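This report describes the fold of one protein chain for a reader who has not seen it before. The sequence and the model are shown first, and the description follows.

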Amino acid sequence: MIRVLIADDHALVRESVRAILANEGDIEIVATAGNGQEAIDLTASHHPDVVVMDISMPKMDGIHATEIIHSKQESTGIVILSMHVNAALIQQALRMGARGYVLKRQVTDELPKAIRAAYLGDVFLSSAIPASYLPR
């Protein structure tokens, strides 16, 4: 089982992601967080294999939380789940240690694939992200 933590400041998004992933036989949700700091704390206590991280959250944004989690637990895969298709954000997320970037509009089709890729140490980017947005 791939142990997953979901971090998003909207309870509806957290529960929707949980429902989508409940149909995946190899993925288990171990915790949910409502902000970046909580994601860091819960990652330290639950040791998930993968963190699904929103960018825009209170207390600490997902990019900063990604950097901290990656620095403390490099083996934890982090997949950014965002509505933003922005080259600078995507590049920054990958530089901070994210192994994936999935657009919220493609969550149903792409998030399970991204989680599995991050778990294996691979990088997954939504199909709607132009190749020119990748870090050079």
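## Fold of the chain

Starting at the N terminus, the elements of the chain follow the order β-α-β-α-β-α-β-α-β-α-β. In total the chain has five helices and six strands; helices (H or I, at least four residues) and strands (E, at least two) are DSSP runs, numbered from the N terminus. The model is predicted, so local features need pLDDT of at least 70 and side-chain atom pairs count only at pLDDT 80 or more, while totals for chains, interfaces and linings use all residues. Residues are numbered from 1 along each chain as its sequence is written, and side-chain values use heavy atoms, with hydrogens and water left out.

The C-alpha atoms fill a box of roughly 35 × 30 × 25 Å along the principal axes. A compact globule of 136 residues would have a radius of gyration near 14 Å, and the 13 Å of the chain agrees with this. The radius of gyration is taken over C-alpha atoms, and the globule rule is 2.2 Å times the number of residues to the power 0.38.

The six strands form an open sheet in the order S2-S1-S3-S4-S5-S6, with parallel pairing; two strands pair if DSSP finds at least two bridges between them. At the edges are strand S2 (27-33) and strand S6 (124-125), each pairing on one side only. Strand S1 (residues 2-7) and strand S3 (residues 50-53) run parallel and are joined by four bridges. Val 4 stands opposite Val 50 in S3.

Helix H1 (residues 11-22) lies across S1, S2 and strand S4 (77-82), at about 175 degrees to S2. Two helix pairs are listed below. Axes are lines fitted to C-alpha atoms, for helices over the stretch in contact, and angles run from 0 to 180 degrees between N-to-C directions. Contact means heavy atoms within 4.5 Å.

| Helix pair | Angle | Axis distance |
|---|---|---|
| H2 (residues 36-46) and H3 (residues 62-72) | about 20 degrees | 9 Å |
| H1 and H5 (residues 107-119) | about 70 degrees | 10 Å |

H2 is therefore roughly parallel to H3, whereas H1 and H5 are roughly perpendicular to each other. Angles under 35 degrees count as roughly parallel, over 145 as roughly antiparallel, 65 to 115 as roughly perpendicular and the rest as oblique.

In the contact of H1 with H5, Val 17, Ile 20 and Leu 21 in H1 meet Val 107, Thr 108, Leu 111, Pro 112 and Ile 115 in H5.
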